[in-house]
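Let's take a friendly walk through a protein model, one piece at a time. Have a look at the structure below, and keep it in view as you read.

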Amino acid sequence: MILVTGGAGFIGANFILEWLRNADEPVLNLDKLTYAGNLETLASLEGDPRYAFVQGDICDKALIDRLLLKHRPRAIVHFAAESHVDRSIHGPGDFIQTNIIGTFSLLESVRAYFGMIHEDERSAFRFLHVSTDEVYGSLAKGDPAFSETNRVEPNSPYSASKAASDHLVRAYHHTYGLPVLTTNCSNNYGPFQFPEKLIPLMVVNALAGKSLPIYGDGQQIRDWLYVTDHCAAIRRVLEGGRLGETYNIGGWNEKPNIDIVHAICDLLDELRPRADGKSYREQITYVTDRPGHDRRYAIDATKIERELGWRPAETFETGIRKTVQWYLDHAQWVANVQSGAYREWLERQYGARGE
Ligand code: NAD
Ligand code: DAU
């Protein structure tokens with residue numbers, strides 16, 4: 001069995017759903033259920049004997065120690081984090097607590113566990129740390145894309161906290177011989193993403209007749225990857241990645257934010273035209289820029305392609321169409337997330353959780 005942390009969030013949930021579509025190996029999902037955790041996303045797994053959920057905090061070392069001893073996972077895929085840059089600007093404390101202290105606490109539990117399992121379990125064991133391209137800082141126009149040997153130059157409290165956790169993971173490999181793997185991925189999009197992030201926020205605001213806030217001049221560049229391609233890459237790294245190595249993951253899909261928002265508006269004009277016949281582009285509003293806003297991210301994914309044969313299956317055009325259609329088809333999921341009704345739903349469905 002594998003232990004997934006943060007499996008009720010956007011990427012973790014997509015990862016678990018994909019994992020159980022592709023393999024029969026059971027998954028234990030440990031998630032604190034912050035505002036970003038949503039068990040409704042995993043409702044299709046209810047009653048599936050291959051899946052179990054525990055509500056808990058990665059900072060709760062006693063709980064993690066107990067879970068490791070009881071379930072003896074052969075791998076841990078660590079997604080749990082505070083993930084939203086704007087929230088980290090508003091209040092960095094939770095980012096330091098979960099992303100740095102939480103990862104440290106988890107590593108301490110894993111170190112103890114790794115020290116006591118049998119030799120054959122030890123050689124199969126992996127700790128895969130899911131991180132971000134934001135640790136590399138910002139690129140200027142014309143700079144080569146981020147490779148694994150780039151300097152780490154984080155610029156937001158979020159990226160600094162992720163960089164710190166990457167360093168800890170690396171140190172636990174070099175110092176204690178923990179069999180770790182780290183992935184640094186570009187911007188994800190797709191089903192089940194919380195509508196605070198650019199793409200779902202724009203879809204949801206457009207449909208609600210609200211403004212589409214573009215920070216600054218809208219010319220910041222991000223490198224977009226459809227979430228199931230990220231999940232497939234993580235599976236490849238887990239299977240074949242070299243211990244202690246870092247793998248950059250990206251879709252070769254650099255686009256300015258304004259182009260993303262135009263693409264969303266054009267798809268909505270086609271799939272759900274406005275009643276007044278005007279384009280959703282009319283709702284675009286330029287607003288004050290994000291403080292410390294990184295100008296450009298771009299991932300050089302040559303290493304994972306060459307060593308592990310991974311390539312993204314979706315282009316931006318196929319992925320964004322699927323995503324916009326998904327949000328059109330799942331208005332209730334969005335409404336529940338926004339109203340907090342999914343918290344009531346999970347109380348009704350699952351009652352008290354924990355071990
Ligand atoms: P998310 O915010 O949607 O989900 C995070 C999940 O972690 C939530 O379910 C939340 O309840 C859980 N969590 C938070 N604090 C916890 C704690 N202390 N203990 C246990 N669970 C806790 O995030 P996401 O977008 O799915 O990102 C997942 C991981 O991937 C993060 O580590 C993030 O840094 C990384 N990442 C994200 C992207 C992206 O574009 N979203 C890109 C690259 C890397
Ligand atoms: O690069 C990977 C990172 O991508 C992940 O590590 C983070 O967890 C994830 O949140 C994401 O970070 P970003 O800051 O790039 O994502 P966000 O969706 O917040 O913003 C994408 C771009 O769009 C960014 O340049 C800011 C801009 N933006 C965002 C919002 C929410 C706007 O112009 N308007 C908005 O309302």
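Strand β9 (residues 221–226) and strand β11 run antiparallel and are joined by three bridges. Strands and helices here are DSSP runs, numbered from the N terminus: a strand (E) has at least two residues, and a helix (H or I) at least four. Two strands are said to pair if DSSP finds at least two bridges between them. In general, strands of a sheet pair through backbone hydrogen bonds, either parallel or antiparallel. Look for arginine 222, whose bridge partner in β11 is lysine 255.

Before going further, a word on what you are looking at: this is a predicted model, in which local features need pLDDT of at least 70 and side-chain atom pairs count only at pLDDT 80 or more, while totals for chains, interfaces and linings use all residues. Residues are numbered from 1 along each chain as its sequence is written, chains are lettered from A and ligands numbered from 1 in the order in which they are written, and side-chain values use heavy atoms, with hydrogens and water left out.

Now back to the strands. β9 and β11 belong to an open sheet of three strands, with the order β7-β9-β11 and mixed pairing. Which are the edge strands? They are β7 (187–189) and β11 (254–256), each of which pairs on one side only. From one strand to the next, the twist averages 50 degrees.

Most residues other than glycine have a negative phi. Tryptophan 252 has a positive value, near 50 degrees. Its relative accessibility is 42%, so tryptophan 252 counts as partly exposed. For this label, buried means under 20% relative accessible area, exposed means over 50%, and partly exposed lies in between (1.4 Å probe, protein chains only). Arginine 72 also has a positive phi, near 45 degrees. You will find arginine 72 in the loop between α2 (61–71) and β4 (75–78), and with a relative accessible area of 31% arginine 72 is partly exposed.

β1 runs parallel to strand β2 (residues 27–31), and four bridges join them. Across from isoleucine 2 stands valine 27 in β2.

Let's turn to the helices. Two packed helices are described by the angle between their axes and the distance between the axes. The axes are lines fitted to C-alpha atoms, for helices over the stretch in contact, and angles run from 0 to 180 degrees between N-to-C directions. Helix α7 (residues 198–207) packs against helix α11 (residues 316–329) at an angle of about 50 degrees, with the axes 10 Å apart. Therefore α7 and α11 are oblique to each other; angles under 35 degrees count as roughly parallel, over 145 as roughly antiparallel, 65 to 115 as roughly perpendicular and the rest as oblique. Contact means heavy atoms within 4.5 Å, and here Ile199, Pro200, Val203 and Leu207 of α7 meet Ile320, Thr323, Val324, Tyr327 and Leu328 of α11.

α11 has another partner, helix α12 (residues 331–339): the two axes come within 5 Å and cross at roughly 75 degrees. That makes α11 roughly perpendicular to α12. Trp326, Tyr327, Leu328 and Asp329 in α11 meet Ala331, Trp333 and Val334 in α12.

Finally, visit two single residues. Threonine 98 sits in helix α4 (residues 93–116) and, at 11% relative accessibility, counts as buried. Beyond its neighbours within four places in sequence, threonine 98 is in contact with Ile58, Cys59, Ala80, Ala81, Glu82 and Thr103. Isoleucine 89, in helix α3 (residues 85–90), is partly exposed, with a relative accessible area of 31%. Not counting residues up to four places away in sequence, isoleucine 89 touches Arg290 and Pro291.
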